[in-house]
Amino acid sequence: MLTITLPDGNSIKFSKKVTGLEVAEKISKSLLKQALIMSVNGELKDLSHIIENDSSIKIFTSKDREGLETIRHDTAHVLAMAVQELFPKTQVTIGPVIENGFYYDFARKDPFTEEDLIKIENKMLEIIERDEPTHREVWKRDKAIEHFKKSGEIYKAEIIKDIPKEEEVSVYFHGKWHDLCRGPHLSSTGKIGKYFKLTKVAGAYWRGDSNNEMLQRIYGTSWPSQKELDNYLKQIEEAEKRDHRKLGKEMDLFHFREESPGSVFWHEKGWKLFQKLVSYMRVKQDRAGYKEINTPEVLDRALWEKSGHWEKYGEHMYTSQTPDEKVFAIKPMNCPGHVQVFNQGLKSYRDLPLRISEFGKVHRYEPSGALHGLLRVRAFTQDDAHIFCTEDQITDECLKVTNLILDIYKDLGFENVILKYSDRPDLRVGDDNVWDKAEKALLDAVKASKLEYTINKGEGAFYGPKIEFVLRDAIGRDWQCGTLQVDLNLPERLDATFVDKDGVKKVPVMLHRALFGSLERFIGILIENYAGKFPFWISPLQVIVIPISEEFDKYAKEVNNKIINVGIISEVDLKNHNLNYKIREHSVSKVPILLICGKKEVDSNTVSIRKLDSNKQENMDLKLFLKKFSALNKASSN
RNA sequence: GCCCUUGUAGCUCAGCUGGUAGAGCAAUUGAUUUGUAAUCAAUAGGUCCGCGGUUCGACUCCGUGCGGGGGCACCA
């Protein structure tokens with residue numbers, strides 16, 4: 001007698017041991033059809049697994065994460081099968097499930113081409129059609145190693161060596177083809193369905209280590225239905241439409257060029273956007289008690305040696321030699337400069353917390369392969385600040401920073417923020433009791449924020465624990481932006497001290513914080529979040545005034561001047577084009593407000609408002625328009 | 001940095017197996033004076049990314065450098 005307990009608490013009795021399939025069949029015909037895998041006492045198993053003892057089991061279908069992941073995992077196997085059928089000398093390595101799909105890494109001399117991908121896809125369909133049955137075998141470790149070595153699968157043999165001794169080595173067969181795999185798998189290749197697509201080929205290091213050889217990775221996606229596959233592909237298209245590199249060009253915001261890879265050439269509109277964000281933050285930071293300063297971009301090598309950057313960060317630093325043979329570094333960070341400002345003049349405990357901010361432009365020699373539009377550049381502007389304080393002030397200051405960041409993100413349309421908290425790494429400086437304090441203070445601030453957070457063990461900076469602020473954009477992508485770090489190291493290295501109440505000189509704690517992180521990167525994120533359609537107040541070109549014909553040019557110019565005078569960015573379009581043409585042109589370039597002026601407007605001293613993405617028009621008294629829309633500009637800094 | 005891929009007019013892209021380049025949009029000029037997403041016509045645009053090689057001849061083939069894209073690694 002065997003009792004199987006189901007998730008709803010009901011149980012079924014069987015007279016002898018059973019497989020998952022038999023359990024599913026007992027529950028319902030439709031479940032049997034949909035069943036993909038199961039869990040037995042919480043452990044994922046094939047449906048063909050034989051249950052010998054009383055167990056609680058759950059059956060998964062494609063609606064469950066577990067089921068979907070198994071479909072993807074099986075698709076990866078079929079990919080590997082197809083590749084080996086088409087290109088027999090190719091070695092297989094690993095093929096895990098990832099977000100929205102899977103990949104498989106292969107070792108092969110010749111690169112896979114786009115045409116190969118199509119061939120492989122067709123072969124995969126064929127294999128699915130063949131509906132090869134799955135079965136699982138447990139092999140002795142030595143036998144498995146020898147087997148894979150013999151069949152030329154060096155990588156698989158290596159993987160087996162690393163499987164913990166207590167784990168069994170299982171091999172899955174789909175028909176004759178087999179692969180070392182932990183499982184579980186679907187009962188046959190036909191169960192996958194045909195809603196998959198191979199998306200790209202890329203290089204990837206064996207075991208993710210850049211010292212190892214490079215393998216060829218094929219990425220794919222796989223879904224339970226055509227609808228879900230189409231949906232996913234559409235999402236990707238949507239993301240491509242929002243690509244800030246594309247929009248930046250179309251909207252004439254910035255460009256890049258060969259003479260300075262990874263550095264932005266800001267055009268008028270892009271720079272306006274940049275300046276607007278800076279002015280906005282300046283107001284916010286002034287109110288939050290920050291003192292804005294500015295420090296040199298080029299600083300003597302000796303300072304960087306003392307700060308530790310020369311040694312720890314040197315390979316990312318630009319240097320420059322002057323005609324007198326002195327070596328300077330172009331700053332990759334603002335912190336040493338800020339400590340020097342702190343060091344200028346004697347500081348008292350009464351000066352703390354001292355919040356020094358700078359819109360500091362830094363240069364970092366990033367690996368060429370890392371560059372990516374505005375999101376990863378070599379020269380960028382940090383909205384940086386360093387807070388010098390006592391240990392007792394850490395929590396309070398961290399909390400203030402967190403609130404400031406959330407406030408600012410909210411104004412810019414990001415309400416969904418999570419935190420990543422990272423504590424002490426193995427390689428670190430400073431006493432453990434100081435770390436204890438710093439970690440507790442920072443974690444207290446995290447908890448007080450009431451935001452969702454993750455703890456990344458051991459991922460803190462070598463000089464202190466940190467929080468990273470991750471925001472979620474309009475189409476659900478996460479971006480790491482702000483950062484807050486406690487520094488137990490640099491103030492001491494650079495001899496920062498303050499005179500405490502007892503008259504003794506002490507070393508202050510320093511907090512590093514950035515709100516957007518990099519202005520450049522943040523603008524890239526903003527462009528993608530809004531698909532270029534910025535809210536009125538940040539838009540770098542807010543209004544275009546369009547006269548219907550030459551007759552109304554004078555009125556249009558007057559209107560434009562009045563608008564500019566109330567602080568709205570406006571242009572008048574006097575070009576010899578018809579109204580439709582102009583509306584299209586400025587809609588495509590995403591100007592939020594178009595004002596049309598013709599006879600009706602001149603006679604009544606009004607404007608006709610056409611908002612972006614709306615074909616409704618609103619006629620408004622000009623004075624009212626000026627009042628209403630200039631107020632929108634101010635709303636952000638209230 | 002590594003693997004793959006790519007580089008033609010301001011932009012988006014054609015250019016077959018080698019015979020020194022074309023379209024649409026934009027620009028300029030002219031006509032048109034327009035009521036809510038592309039009026040018509042004419043004109044002017046190019047070291048075909050750079051450098052080397054093969055060839056009678058290279059945008060096209062080969063090598064190399066640089067840049068872009070997709071990943072990997074990196075992101076203190």
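Start by selecting S210: one of its polar side-chain atoms lies 3.2 Å from a sugar or linking oxygen of RNA strand B. Before moving on, some ground rules: this is a predicted model, where local features need pLDDT of at least 70, side-chain atom pairs count only at pLDDT 80 or more, and totals for chains, interfaces and linings use all residues. Residues are numbered from 1 along each chain as its sequence is written, chains are lettered from A and ligands numbered from 1 in the order in which they are written, and side-chain values use heavy atoms, with hydrogens and water left out.

Next, pick K200, where a side-chain N or O atom is 3.4 Å from a phosphate oxygen of RNA strand B. Then jump to E601: here a side-chain N or O atom sits 2.5 Å from a base nitrogen of the RNA.

Which elements give two or more residues to the surface near RNA strand B? Colour strand 14 (196–205), strand 15 (214–222), helix 8 (244–250), helix 18 (579–588), helix 19 (599–604) and strand 34 (606–611). Helices here are DSSP runs of H or I, at least four residues, and strands are runs of E, at least two, numbered from the N terminus. Helix 18 gives the largest share, 7 residues.

Time to step back and colour chain A by domain: domain 1 (2–60), domain 2 (65–241), domain 3 (271–299 + 332–529) and domain 4 (536–635). These bounds come from an automatic or database domain assignment.

Keep domains 3 and 4 on screen. Their centres, taken over C-alpha atoms, are 41 Å apart. Where they meet, 8 residues of domain 3 are in contact with 7 of domain 4, contact being heavy atoms within 4.5 Å. About 590 Å² is buried between the two, 76% of it on carbon and sulfur atoms; that is accessible area (1.4 Å probe) lost on putting the parts together, summed over both.

Last stop, helix 9 (residues 268–287), which supplies 5 residues, the largest share of the domain 3 side that touches domain 4.

Terms used:
A polar contact is a pair of N or O atoms within 3.5 Å; within protein, one must be able to donate a hydrogen and the other to accept it, and residues adjacent in sequence count only if both atoms are side-chain atoms.
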